[in-house]
Amino acid sequence: MSSFLASLFLGRIAPLDISDVCGMNLWNIKNGTFDDRLLELCAGEFGVADLKRKLGDVPPDGGMHLGKIDRYFVERYNFSPDCTIIPSTGDNPATILALPLRPSDAMVSLGTSTTFLMSTPHYKPDPSTHFFNHPTTSGLYMFMLCYKNGGLAREQVRDAIDEKLGKQDPAAPWANFDKAMLQTPAMGQKTDSDPMKMGLFFPRPEIVPNVRAGQWRFTYDPNDKTLKETTEGWDQPLDEARAIVESQMLSLRLRSRGLTQSPAEGIPPQPKRVYLVGGGSRNKAIAKVAGEILGGVDGVYKLDVGENACALGAAYKAVWAIERKPGQTFEDLIGQRWKEDEFIEKIADGYLKDVFEKYGKALEGFEKMEKQVLEQEAACRVKHN
């Protein structure tokens, strides 16, 4: 769609954007070319050369000037004849450009679904993640995690808590949920000898991990590394307020480890800053737990660009393409104009050494839990078939 729109404005076929082309799954991201083995699978009787010709060349420069706007738009709609067309990118690459995100900073979208975006110099593909060439900056990659279950799953726990306690204030629909979450210790452990409580809460079939809709609750002893599927010791639904937020954030930490770097000597690898966008970004209690799990030595911030992060990022890409000086990076040009106090607000401290380490221990149990659920689901499918 992005290439189609650029082609309409250009009046001829526009090349694919360096980041958006990755979504086709025919592009060798590491080598920066179409992959002949994959093309051969798709080319059929016409052959690889014919398919390559149809796909066209992909400019490595996401800000390349493709030409002036077609005269049709000048004559029909009074566009300026000087209007320049550049490669049009997709919604997710545009979203990561909504702020001058520095390498290893993370952006978490807390909407109906949950999306995790990070700019990184490390290319470490995995079946559960998405990698793209960065839409503007050569040498960087865009890392993305996408989950179906986000706000809807949290809302179901919120409603169950309200049903038990009674909704106190219609103007503060998350009050009971936030109170229950903040009164529950990390991983539900009142003492270090208590087992950790963890679970998966999926009102919809999930992508990561790939399982059906359902709920699973476990306890995990980090000392002897034993995992047990049980609701014993759970105060339902109150314990689930913290457990569901921990579950979502632990999944992000699990799959982004290895991409983050140590932001300073003596501090474990983590994002330097965590930016929250989407409806859930307004919840400071969720932001607090997110920072405790994901880290963020400089803090957790709410990025307030309304619902238009994608459109804003696309506009920034255009500004960079038109106004950059030779060799000037997107981060440099936009960073110089970025008015931080107008767009972001620090809403949580982020990294806390002891709590971060505790969640590090929980990560091993969380990974075990996911694997066990996946194995159970696979066994059930075999039995059913």
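The model is predicted.

The chain has 385 residues, for which a compact globule would have a radius of gyration near 21 Å. The value for this chain is 23 Å, which agrees. The C-alpha trace spans about 70 × 55 × 45 Å along its principal axes. The secondary structure comprises 13 helices and 14 strands. Of the 385 residues, 49% count as buried. Contacts across the sequence were also examined. Among contacts with a separation of 6 or more, 67% are between residues 24 or more positions apart.

Charge was considered next. The chain carries 47 positive and 52 negative side chains. The centres of these two sets lie 0 Å apart. The count of salt bridges is 26.

Asp 36 belongs to helix 2 (residues 36–43), and Lys 52 belongs to helix 3 (residues 48–55). The two residues are 16 residues apart, and the pair links distant parts of the chain. Asp 36 has a relative accessibility of 40%, so this residue counts as partly exposed. Lys 52 has 35% and therefore also counts as partly exposed.

A salt bridge also forms between the side chains of Glu 292 and Arg 242, again described by its N to O distance, 2.9 Å. Glu 292 sits in helix 9 (residues 284–294) and Arg 242 in helix 8 (residues 238–256), so the bridge ties together parts that are 50 residues apart in sequence. Both Glu 292 and Arg 242 are buried. These two residues also belong to a network of salt bridges that links Arg 242, Glu 246, Lys 288 and Glu 292.

Arg 337 and Glu 323 form a further salt bridge through their side chains, at 2.8 Å from N to O. Arg 337 is part of helix 11 (residues 330–337) and Glu 323 is part of helix 10 (residues 309–323), so parts that are 14 residues apart in sequence are tied together. Arg 337 is partly exposed, with a relative accessible area of 46%. Glu 323 is partly exposed as well, at 43%.

Asp 178 presents another case. This residue lies in helix 7 (residues 175–183). Asp 178 is buried yet has no salt bridge. The nearest side chain of opposite charge belongs to Arg 154, 8.7 Å away. A salt bridge requires a nitrogen within 4 Å of a carboxyl oxygen. Beyond its neighbours within four places in sequence, Asp 178 is in contact with Asn 283 and Ala 285.

Ala 309 lies in helix 10. With a relative accessible area of 10%, Ala 309 is buried, because buried means under 20%. Ala 309 and Ala 94 are 215 residues apart in sequence, but their C-alpha atoms are 7.8 Å apart. Setting aside neighbours within four places in sequence, Ala 309 is in contact with Ala 94, Thr 95 and Ala 98. Asp 235 lies in the loop between strand 11 (226–229) and helix 8. This residue is partly exposed, at 34% relative accessibility. Asp 235 and Gly 188 are 47 residues apart in sequence, with a C-alpha to C-alpha distance of 9.7 Å.

A cis peptide bond joins Val 208 and Pro 209, with omega about -5°. Pro 209 is in the loop between strand 9 (196–202) and strand 10 (214–221). The bond from Gln 236 to Pro 237 is also cis, with omega near 0°. Pro 237 lies in the loop between strand 11 and helix 8.

Asn 25 has a positive phi, near 65°, and is not a glycine. Asn 25 sits in the loop between helix 1 (2–10) and strand 1 (27–28). At 59% relative accessibility, this residue counts as exposed. Lys 225, likewise a residue other than glycine, has a positive phi near 60°. Lys 225 is found in the loop between strand 10 and strand 11. The relative accessible area of Lys 225 is 37%, so this residue is partly exposed.

Methods
Residues are numbered from 1 along each chain as its sequence is written. This is a predicted model: local features need pLDDT of at least 70, side-chain atom pairs count only at pLDDT 80 or more; totals for chains, interfaces and linings use all residues. Side-chain values use heavy atoms; hydrogens and water are left out. Helices (H or I, at least four residues) and strands (E, at least two) are DSSP runs, numbered from the N terminus. The radius of gyration is taken over C-alpha atoms; the globule rule is 2.2 Å times the number of residues to the power 0.38. Buried means under 20% relative accessible area, exposed over 50%, partly exposed in between (1.4 Å probe, protein chains only). Contact means heavy atoms within 4.5 Å. Lys and Arg count as positive and Asp and Glu as negative; His and the chain ends are not counted. The place of a charge is taken as NZ of Lys, CZ of Arg, CG of Asp or CD of Glu.
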